[in-house]
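Q: I am new to this structure and would like a guided look at it. Could we go through it topic by topic?

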Amino acid sequence: AEKVTFRGLIFAFISFLLFTACKRNEGNIVITGQQKSDQLTLFRTDTFTLKASTVLEDSLPANNLTYSLLGEFHDPLLGKSKASIYAKMNILAPENNFPNTIEPDSALLYIPLVDGLNFYGNPLTYQKLKVYALDETLVGSSIYYQKQSNPKVNRNVSTDYYGTIYHQKLDSIGYKKGKMGLKPGLLIKLSKEFARALQQMPIEAYQTNEGLLKHFKGIAILPQNDELNPGEGGFGVLDLANAINMNYRAKILLYYNDTSTYIFGVDQRSTIVNCSETGPYPDFIEAQLREPNKHYNTTYVQALNGVKTKIEIPYLLNLVESGTHGENNVGVNNATLRLYVDNNTNAQYFAPPRMNLFQPTSPSSDRNRLIEDALASPTKFGGVYNDKGRYYQFDITRHIQNVLNDLAIGGKKNNLGLYFAVPTDNPIIGARASIDHSKTKLIITYTKPK
């Protein structure tokens, strides 16, 4: 018994060295001073059985995001989805003597488009939007959710818009006695009723943000395209929180007295809420959602709090045996997961530029958290789309080692699988993809005593 215990302690110590060496040398195990007879045996396997299915995404945050999606899309693959924006407004230059008894000339709503990957779908589709005044105060300390938080709107103050989600080239607009240049974005002329509501508020609304909030809580922009054909529509990526300069920030310009302008700006990210709707899904998606415990050769991922892919590794724990001292453990040198996109992507419906891997918080939960590799070594973790090879690759060495350690040292079975999902932020894009699991590979290189 003493001999077994001593060997167990020795192996636990070697496992510790392996793990720290793995972190220090990026997966290459270096143990100096070992004799040839004491070397550990190196193994490599890429034949793990994997089980994959499409499941609904859990509740995702709708505020405190870098950018916002807007539009409606009838995806030829996954069906209909839409994204709406709600935003609290503020005043940029207080006016103590604002002329709130006159008729306004007009009012314009402008929101700049994000540079780079700024649209998903068909940018030429004319979309119907409805702009409302908010009837609910957005609270920055609150957490709003994409599919559960739809702030109330004042349907008595609205504007109808029919056009593309953004204009690539916008003419300069009037500002005070001069002109203001605008970068590509969404430009909507608000209705006379909307402009009048902005012009004729009590005087306190033009003096302080607190006064404004009593009478104008913000705006809501809601898509109204319920009859789009497959392949029509899409999502623009808009920058509501940009406050670099007056020209490029999101705003409402209220014109009065021919040459005068009053500007309402958009408040901080915490009070910009990006809500979404997805579905109904095609039958082949609904079949997977009804029976998520089966394996499917093709699964799906989608932005907008839509669907994600669950990946299970049912025989992973066969590498070790339950123990209390780690004597039955292995040292994971490297673990790589590679997932391939099928042919349902093109220049218009491109694969998400980056993907994430999460682990479930419990065996029965769809809630998840980032795996340790993503937090400890984000540059090595991966997840960026390889356009030439059409795949995503992740280094999940720490995650696999943790799962094996839980059984070999603590006797706990925490092999809960992984969730493959479109990021909520960084980048924000309305993308989707389908994954071909005939090519999915999990490759693990590990060591254990001879």
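**The largest pocket and its surroundings**

A: The largest pocket holds about 460 Å³ of space. Of the 22 residues lining the largest pocket, Leu-60, Phe-358, Asn-368, Leu-370 and Thr-424 are the closest to its centre. Please note that this is a predicted model.

Q: Which strands and which helix each supply at least two residues of that lining?

A: They are strand E21 (356-360), strand E22 (368-370) and helix H6 (378-381). E22 gives the most to the lining, with three residues.

Q: And how many of the lining residues are nonpolar, polar or charged?

A: The lining of the largest pocket has 10 nonpolar, six polar and six charged residues.

Q: What is the strand order of the open sheet of five strands?

A: The order is E2-E19-E24-E21-E22, and the pairing is antiparallel. Strand E2 (51-56) and E22 stand at the edges with a single partner strand each, so one side of each has no neighbour in the sheet. On average, neighbouring strands of this sheet are turned by 35° against each other, direction ignored.

Q: Which helix packs on that sheet?

A: Helix H4 (residues 283-290) does, touching E2 and E19. The direction of H4 makes about 100° with that of E2.

Q: How many bridges join E19 to E24?

A: Three bridges join strand E19 (residues 307-312) to strand E24 (residues 418-421), and the two run antiparallel. Within this pair, Ile-311 has Leu-418 of E24 as its bridge partner.

Q: Changing topic: is strand E3 enclosed or open?

A: Strand E3 (residues 68-75) is largely enclosed by the rest of the structure, because eight of its eight residues are buried. Ser-68, Leu-70, Glu-72 and His-74 point one way from E3, while Leu-69, Gly-71, Phe-73 and Asp-75 point the other way.

Q: Which residues stand opposite Gly-71?

A: In E14, Gly-71 has Phe-235 opposite, and in E4 the residue opposite Gly-71 is Ala-83. E3 pairs with strand E14 (residues 233-238) over six bridges in the antiparallel sense. Five bridges join E3 to strand E4 (residues 79-87), also antiparallel. E3 and E4 form a hairpin, with three residues between them.

Q: What about the whole protein: how many helices and strands are there?

A: The protein has seven helices and 25 strands. Its C-alpha trace spans about 95 × 45 × 35 Å along the principal axes. Of its 450 residues, 53% count as buried. Among contacts with a separation of 6 or more, residues 24 or more positions apart account for 83%.

Q: What is the phi of Asp-258, then, and what is that of Asn-426?

A: Asp-258 has a positive phi of about 70°, and phi of Asn-426 is near 50°, also positive. Asp-258 is in the loop between strand E15 (251-256) and strand E16 (260-266).

Q: Are those two residues buried or exposed?

A: Asp-258 counts as exposed because its relative accessibility is 70%. Asn-426, at 53% relative accessibility, also counts as exposed.

Note on methods. Residues numbered from 1 in each chain as written. Predicted model: local features only at pLDDT ≥ 70, side-chain atom pairs only at ≥ 80, totals over all residues. Heavy atoms only, no water. 1 Å grid on protein atoms, 1.4 Å probe; cavity = no way out; pocket = protein on both sides within 12 Å on 5 of 7 lines; lining within 4 Å. Points joined across faces, edges and corners; volume = space filled by probe spheres on them. Helix = DSSP H or I, 4+ residues; strand = E, 2+ residues; numbered from the N terminus. Nonpolar A, V, L, I, M, F, W, Y, C, P; charged D, E, K, R; others polar. Pairing = 2+ DSSP bridges. Axes fitted to C-alpha atoms, helices over the stretch in contact; angles between N-to-C directions. Contact = heavy atoms within 4.5 Å. Buried < 20%, exposed > 50% of the residue type's maximum accessible area, 1.4 Å probe, protein only.
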